[in-house]
Each structure stands twice: as structure tokens, then as C-alpha cells.
Number of protein chains: 4
Amino acid sequence: MSRVGFIGLGIMGEGMALNLAQAAGRDLAVWNRTVSKSQTFVRRINKIGRECVILNSPAEVITHCDMTFSMLSTPEVANDVFFRPDGVLSGISHGKSLIDCATLQPTDMTTFAEAVKKKNGRFLEAPVSGTKGPAADGSLIFMTAGDQSLYNEIDKELNAMGKASYYLGEVGSATRMKLTVNMVMGSMLASLAEGISLVQQSKTGDSSIVEDFMSIISLGAMNNPMFQIKGPNMIKNDFATNFPLKHAQKDMRLAIALADQFNHALPVAAASNELYKQAKKHGHGDSDFSAVITPLIYKPSS
Amino acid sequence: MSRVGFIGLGIMGEGMALNLAQAAGRDLAVWNRTVSKSQTFVRRINKIGRECVILNSPAEVITHCDMTFSMLSTPEVANDVFFRPDGVLSGISHGKSLIDCATLQPTDMTTFAEAVKKKNGRFLEAPVSGTKGPAADGSLIFMTAGDQSLYNEIDKELNAMGKASYYLGEVGSATRMKLTVNMVMGSMLASLAEGISLVQQSKTGDSSIVEDFMSIISLGAMNNPMFQIKGPNMIKNDFATNFPLKHAQKDMRLAIALADQFNHALPVAAASNELYKQAKKHGHGDSDFSAVITPLIYKPSS
Amino acid sequence: MSRVGFIGLGIMGEGMALNLAQAAGRDLAVWNRTVSKSQTFVRRINKIGRECVILNSPAEVITHCDMTFSMLSTPEVANDVFFRPDGVLSGISHGKSLIDCATLQPTDMTTFAEAVKKKNGRFLEAPVSGTKGPAADGSLIFMTAGDQSLYNEIDKELNAMGKASYYLGEVGSATRMKLTVNMVMGSMLASLAEGISLVQQSKTGDSSIVEDFMSIISLGAMNNPMFQIKGPNMIKNDFATNFPLKHAQKDMRLAIALADQFNHALPVAAASNELYKQAKKHGHGDSDFSAVITPLIYKPSS
Amino acid sequence: MSRVGFIGLGIMGEGMALNLAQAAGRDLAVWNRTVSKSQTFVRRINKIGRECVILNSPAEVITHCDMTFSMLSTPEVANDVFFRPDGVLSGISHGKSLIDCATLQPTDMTTFAEAVKKKNGRFLEAPVSGTKGPAADGSLIFMTAGDQSLYNEIDKELNAMGKASYYLGEVGSATRMKLTVNMVMGSMLASLAEGISLVQQSKTGDSSIVEDFMSIISLGAMNNPMFQIKGPNMIKNDFATNFPLKHAQKDMRLAIALADQFNHALPVAAASNELYKQAKKHGHGDSDFSAVITPLIYKPSS
């Protein structure tokens, strides 16, 4: 069996590619913007007894492999790597398959898919739910759309990297799903922020009452892993970044833009989005998205 | 040991009083507006080998028992039962203790507490988190405030009815906590409603995609028991009432009013509250609060 | 003809009472919490050739006059002056008429009206639109409700103090109208604040562009006296108080509470209200309500 | 002096071009998608003693004239007419000037400007405030940006079509101003809709009270021509289109997108936008934007 290509060895890609090698038993061909990162990666792959070659361009990876995964961090980088002269698209031809795992706009995915199909390649849109930890653990959730035959063929690879995968129909569906999931997540966390800040405001005396609040939440029907992690951090004003607020806000914005196409009202997401924007303006764009609490906890300057 | 008094054998009270008899091993004295309900209740109590007398007024229950629990459904009923000539207050004297488990306004609780203290009784505010099921199972969560010595004495009784209890300070604190918890719950469910309705709107073809959405949510960090129950119901437009929407909206309104006293902005709760009001106007006040999705899923008349 | 009573010679009341004397040609009997203010007022009345006696309590004013106007600033003061032992109500008997011009809650007005009627007096609810200037100019707008025969009899007096008056039906209607008018006003000014702050944010280079914005607004269909006054003040961060922000916010809150009774959704007012609350928390409760712009114009500490 | 070019003789363009001929005394060269409209237009021009030739493409108009105004209705049409093979851009060369009066996205304007400059032409962005009436009356307001020398040369032409013009700096500034003005307009009208609908909901008996509401508004500091026209129409449910709701909503959406670039929170506009979207979904996209009241006045099906 030929090598699997992997483009983009960032926070997410590194763990994913490692799992491809280890759990799916595949040899790899990789390209990453920063070459030193690829070199470190090769040593890790070799340690687990698999092979990995570093190629000079995205196009070379596509040419070298029948199937390539791509995991890039922003729409700008993703578009550049796809369209540049030595980019992904220039390598596509009959027999080539691309699985794009980035979170872009639905229209980016449609554009990529059409370009790949025009050159007789196959395209699968495959954004993931989960951050660094699940990428390393192989417990991502894949939302996929596009070429269904390709989806069916990569069962082993998706299982190596994720704990579940969904095939959702035509290209765009997977990104729309991802944005909607993240929109609910953003509103939920903003709701918790309002609760915590209200307890802080309205408490009379007992300073541990906000911990009691989290404890009560954790015993009830609302209990969820995100609140368990983010709640205590909000209370401590600890915004060490797991998922950057600016990305959470971008996903909310794109979900609202998506709804706009259907004249679909989202008053709660719209209000949440404005709160994230305030937090971003207050300098918390790179903080964890739990910093959405910051505009609510005004501290007058002494 | 004297009997424990219990006033109000409604949906919640019945299960709670039964647990007091069974798990705390207490004999009871009860009063309920509808006498037939008390009679049925006595038969259930007798079956488990405990005694229960039916008294003719709230005042008689207080007079008869050192300690009385009260669980009434609305501020109107609670105020009437407390202040009427043969009501709770008229029975209070030195040595009498009242534990009020209703969800009222913070100011109602303060008024009750002051009136009880003036007559040398003891008062504990004790609203609960949990609905019919947890009341029957003895797995409620008690948020309490007021007389701390009383709180310390009723450990056995609270354990019989609940899985956890919190003492939060001066009277009003417990109701404020309850309202804040329910506010977060209301915003969370409105957030899910927006997500489900957006998937329904934006889906292309595949009709099971909204089930996929719930499945993806359930695999991630947002997963919580409430979403697992309410999500599928929202999808089926099944609004069989567990927690009435009008009560959920009332709690959000009171939480916002609470925040107002502190000039505390709650933009997400405010937007959610308007959505609940729309649902209420559309005729869903007595539906389950998951009917908050209804204003979002406009179906043009054919 | 007997004297007209006037209770409350504050910012609004002073101008109103002066117009009653001057334009309606009435002699007066007054009571004001601060006696020195009444003494100054008497000198002004005497200068225009009319008489004015200072009485020792609200009750005495009512007893002395067939018809009394009352203009008090807050619900707390209004309730105290009405119900205290030597208050308004204690003076009411057959033949006495009270016209209450304060902005209270609809339920305050209903309570006052019922108490007055029980003692065979007549009651007219009569909140006004307009601030200090219109009170002095006699150009207030009266919104009235309650005793229609009384309304018909005081045409001359209302004309002396206002440029228009409306009879709106049963007691409560006038206050509801007033709150709704002020709610629209609050949302409108918040809308302008968003526009001005967005121009300030998005401008590239030309520093006069925000003045151009106001100029463009003033030439179009949106042009209104409030924007012409408040816009330039917002731009200069000049929040010298004309109508205190805390009162504007209180009126929005009461309008939203009114709508709540009818399950009437007000998403724009709800969002505006949260913005006013933020401004209030930032220390602008006593500033002019144009300070609603302050939460939008975040200036990072250098 | 050479003819002035005019591209787009729609609702707005027809009145504008007529004023160019009449008030500025210019002969014209025109192109319009529907030729019959151009022919009717020529007859009107001839009647007032000026000449007008109909050309076969946008490019021919540019080639024929030194200066051309363009007024197209949507971004799609505007982009097509600009970029198509026989479009505006293909006619641009040294000495040619384009004044684009459409309301597009700021980035469309930047793209057009750069393309024109690359071919040594001059470009002025010039969206207008005002609808059909002001276009016919010559009382539009021009917001312009881009080539300042061109702006200075067309004083006479702008005066013929408008009552005021503003030069705002680099390309993009004028569209940003236009969007911000329309955002305030959209929030203002939504605020009025909330007020009218609340009066309708909360009235007791008197059916003319909503007319009283408009009358009270008209006497106060909020009074403005837009409310005077739209208010009575909202009351009558008369949504005959002056400015289509879908365009108002689009402008709000673009203003919010603009603010997003600056992390600028606009909670009131965001809430208003969701209300416009609801109205659009309810089938009022082509109604006048005063139909924003429709989601607020729920009428249960009998």
C-alpha cells in the first residue's frame, strides 16, 4: 500500500498524523511550512517503526500519494496552500484523493471540491470536533461530506484519528455542522459566564458561594465536561488558552452568517457574539474563549 | 421524637414527604389543599409502616410539630398559606421551625423569615433543584439559607430527600442561587434550540442530519443529561411537560430583575428571555420549556 | 375660585406651579419637603401678582384646596407622601381631586386611585413627557387616565402647563403610555450611540468624519431634535445631565416588565436595557442617558 | 463639453440622470439592461431640450464620455456590469472617470477602485442616502470617497442630483458611512415597532390609543419624518414598499460585519437584525422595512 500524505503538522496535525502511522499502520509523506517541525516529526515516526518522507511542496505530497490529509489552521493559509503554483491543486489528477480537515467557510470547501473534481480527483470535507488533546488521543469527531466512496474507503484512517465519524451529504454540510456545533458551544459558555458573574455580583458575604454554584450545576441535568473545566477557570480568571476566543467568535460569526442565508433568526447567538466581540476588544482574542466572562465582571479602577 | 409536619403534597411535595417517612423514618402530620390527596398519601405512608395524621389547617400542622417542611407551587399560594388566619404564621411560636422549599422571589423569603423570627420561630429558606423524578428518588439538591442551627439539625431529613445540600448564608441567598442556576439552564436550552433549528434550516437533503447533530453534541465536551433528553424531544416537536415553559420564563425574568439591582448586564439571558416570551405568546406556556424552539421553526401556513 | 394645591416643587414642579399661577391665573397652596424652596417660590409667585400659602403637610394642602396637583420624583417619595399620617390620602374626602403627575409604576397609580376613590375623592393619573425646559415653558405633554370628569374640568390648568394632553382611559393607561414612549426613546438613543461609536471605530484618518455622520443624519428622514442635541454631546463625551441615565434605564426596565405581563417580546429594548445597565455599572447612573455610548467606546488603559 | 455617461436607469438612476440633464444642463449617453427603458428615458430628455444617446454596452458609454455615473441595484449586477467583457472596466483608460453610486460592500468598492486606477482612470465611490422621491427631487445626500480631484470637479453634477455631498477620504469610507447610517435607521424603526406593538398589546379598551402614541411621539424630542410616515403605516399593516425590508436587513448585516472587523460590539443592531430576519422569513422580504413589526404582532390562527 502506498504512503498516506499529510499536509500541515501544527497543533492538531501532528497528533493526527502520528495516529495515522501508529494506529492505522501507515507510512507517511509529509509537508509542513516549517521544515524543522517535519524533521522532529520524522524522528517520532521512525521510533514507532514506520517510515516518513519529507517532501518539498504540497504538490509533491499529492503526486507522491494516492490519498492525502490536510490540516491547516486558517482560511488564508488553507487557500494559499491549495492554490499556489506548487500547491495541492497543481498535484491533483485522476486517482488522487484529498481529505481536508480544516475549519473554513462552507464556500471555501465548495470551491476546493469543484477544483479537485474538475481535475478528476476526489474530495472529502472533514472538519473535526475536538482540540489538541483529542487529536493526540485519537478521539476526534469527524464531520464529513463530499465523495462518499472516498469516505467509505478511509474507515481505518478515520478510526485511527477519531472516535466517531459522520457522513453528512454534499460538500458544505460538514462545515455547516461544525459551525453550528461551535455556535451552541459559544452560547453555552456565555450563559455560564453570566451565571458565574451574577453569583459573584449578588453574593452577600460568603466568598465560596461561586464554588457552590459550580458544584450545584455539576450535580444537575446541565452538568457537562466543558463547564467542569471552564467554570473553575472563569472563577480564577485563568484564561490559559485551550480554544482561542478569537476562533470561537469567528465560528459564531460564520454560523450567524450561515443562518442569514436562510433568514433564520438566532437572537441568543447574536447576543453571545457581541459579548465575545467585547471580550476580544478588551484584549482577550488570544485568551481562552472562557474569557467571554471579562466584559461582565467590570472592576472600576481604584 | 415528634412528628414532622409537611404542607403541600403536590407533584414535588408528595415524593419529598414520602422520602421523609421512608428514608428518615419519621412519622408525619400533613395538610394539603385537596384533602383526597392527603388521604391517598396516608395510605402510602401506612404501607411502609409509618404514621401520618391529616390536620385541618397549616396552623394546626405547625402547632402539632416542632419542625415543618412546606412545598407550595406559586408565590400566590405560598403567600396565602403563610399569611391566612389559619395559616403557617399564626401557628408559629418559640420552638417552631419552618423549612420553606418553594421557589419564590427573594423578597418573599425575606418577608417570611422576618415574620417567623418576630414570633420567635426559626426559618430556613430551602428551594430545590430537580423536578418530579428527583423528588421521588430522593435526589434533589437543596440550596438553603437562614437559620444555620436549624440547617445543622436537619441533616438526616435533607439526606432523605436529596443527594446534596448547601448552606449559603442569609435569607435570600438560596433563592438567588436557584434563580441563577435556572437562568443558565434557560439560556443553555435556548442555545440548543438555535442549533437544532439551524441544522433543520440549513440541511441539504439528508433528513437524519439533525439526529447526527445531537449525536455529535453527545460525544463532545458539551454533553449533558438535559440536552440528551430535550434535544430529541425538540426534534420530534414533543413538548410533553416536565418543567413548564412559563415557569422557566418566570425564573429567567426574576434572575434578570435580580441582576438589575446590581446593574449587572446579562445580554444572553435577556435575549433568551424574549425567546421564551415569544414561545409563551404562541401558546406554549404550559408546554415543556423545550418549546422555546417553536418561535425559531416558522412554518408558513399552507 | 379656591386656590389650587401643588405638592412637590422640585425641578419639574416649580415650573409647572409657576405656570399654573401665571397662565391659568390661579392662586396656590403649596407643600414641599424643603421649606426654604417653598419660600423662594412664594416670592416668585407674589412678583407676578398672585397669592401662595405654604402649608405644613400634604394633608393640609388637600384639605385647603378642591384640586391638588402632585409632582414627586421617585416611587419611594411618592408613596411616602401619599400614605404617611399627615399625607395626601388622609386629607382626601368627598369633593377633593388629586392629579398625580409623577412617573411611577402602573400598579402604584392603581393603588393610589383606589384609595382616593374609597374616600370619595377623584383621581387623575397624569405623567408628563418633557423635562425641565418644557416644564418651565409650559410645553409639557400630559398623558392622563382615570376620572374623566376631572380631566374635562382642568382643561385650563393643563393648557397652562402643557402644549397637549391626552385622556387614555382607565388608571394605569397613562403610565403605560409614558413608559412605552420612554422605551422607544431609550432604544433610539442606544441606536445612535452604536452608529457614532462605529464611525469612530471604522474611520480611516479623517477625524471630522463623525461630525459628517451627524450632519448626514440631520439631513435625512431620521432627523430629530433629540439626536441633534445628544449626538454632538456623545461625540464630545459631554454627559451633563438632562435626563439621568438611571431614570432612563428604570423606565426601560419597567416597560419590559409591562410587556412581560402580555408575553410581548421586545428584543431590541432588552438589548438596549443591558447596554444602559453596563453604563450604569461603569459609573454613569447620574450622567445624562447619552452616556449609554460609554460601554461601546472602550479605551484600553495605556 | 462632452456628454455625461449614465449606467443604470432603475428606480433611482432614472431620476438622477434626469436631474443631470435638467439641472446641470448636460447631454447624456446611457446604457440600461432593458433597452425599452432607455428609449422612454430618451423621450423624456428630449422633451426638456437635451440630447441623449443610447449605447450598446457599459464599455461604449465609458469610451464615449469622459465622466460616467453608475447606479446599479445589487452587488451581483454591479460586479457583472463592471467586469464583463463589454463592461465598464474594459472601457476605462487615461482620462476616464467613474462615479459609482451603488450601495455595495466596502470591499467591492476597493476592488473597483484599484482596477480603475490600474488602467489610469479615476474612481469616486458615491453611495447616496435617500430613495425614489429624493432621487426624483434632486435632494439625495452623496457620501463620497476616493479621487478627491474628481470630487472637486463634479460639484455642479452632484448639486443637480443632491442637496448635500460629503468627501470622506479613501475608498471604502463612503460605503462604511452609508451602512452605518442605515444601521441606525434600521434599529430606530425596530424600536418604534416595539413601541407600537406594546401599546397595541397593553391597551385596555380605547382603540385609538395607538394613534395617541404616535401623536405623543410627534410632539416630543424624538419626532422625525421617518416615524411620521412609517408609524401610521405600521398601525394599518400597510407595508407598501418604499425601502424593501430585505435591503434594510442586508445593510444591517453588512454594518454588523463591518463592526466585526473592529471587534466593535453592536448589541442593539444585532437584536434588530434578528427581528428583520424573522420578518423576512415570514414572507416580508419585499415589503417595506416597516414590516419589521410583523414578528411582534402575533395573531393566533383562529
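Which residues of strand 8 of chain B are buried on one side, and which on the other?

1. **Basis.** This is a predicted model, in which local features need pLDDT of at least 70, side-chain atom pairs count only at pLDDT 80 or more, and totals for chains, interfaces and linings use all residues. Residues are numbered from 1 along each chain as its sequence is written, while chains are lettered from A and ligands numbered from 1 in the order in which they are written.

2. **Strand 8 of chain B: burial.** This strand spans residues 140-146. Of its 7 residues, 7 are buried. A residue is buried if 20 or more other C-beta atoms, placed from the backbone, lie within 10 Å of its own. Helices (H or I, at least four residues) and strands (E, at least two) are DSSP runs, numbered from the N terminus.

3. **Its two faces.** In a regular strand the side chains alternate between the two faces of the sheet. One side of strand 8 of chain B carries Leu140(B), Phe142(B), Thr144(B) and Gly146(B). The other carries Ile141(B), Met143(B) and Ala145(B). Both faces are covered, and all these residues are buried.

4. **Its strand partners.** Two strands pair if DSSP finds at least two bridges between them. Strand 6 of chain B (residues 122-125) runs antiparallel to strand 8, joined by 2 bridges. There, Leu124(B) has Gly146(B) as its bridge partner. Strand 7 of chain B (residues 128-129) is also antiparallel to strand 8, again with 2 bridges. Ser129(B) is partnered by Ile141(B). Strand 9 of chain B (residues 162-167) pairs with strand 8 in the parallel sense, over 5 bridges. In that pairing Leu140(B) stands opposite Gly162(B).

5. **Where chain B meets chain C.** Here 15 residues of chain B are in contact with 15 residues of chain C. Contact means that the C-beta atoms, placed from the backbone, lie within 7 Å. On the chain B side, helix 13 (245-261) and helix 14 (267-284) each supply at least two residues. Helix 14 of chain B gives the largest share, 9 residues. By class, the chain B side has 5 nonpolar, 4 polar and 6 charged residues. Ala, Val, Leu, Ile, Met, Phe, Trp, Tyr, Cys and Pro count as nonpolar, Asp, Glu, Lys and Arg as charged, and the others, Gly among them, as polar.

6. **Domains of chain A.** Chain A divides into domain 1 (4-170) and domain 2 (177-296). These bounds come from an automatic or database domain assignment. The C-alpha centres of the two domains lie 31 Å apart. In chain A, 8 residues of domain 1 are in contact with 7 residues of domain 2. The domain 1 side has 4 nonpolar, 4 polar and no charged residues.

Terms used
Two residues are in contact if their C-beta atoms, placed from the backbone, lie within 7 Å. A residue is buried if 20 or more other C-beta atoms lie within 10 Å of its own, exposed if 12 or fewer, and partly exposed in between; C-beta atoms are placed from the backbone.
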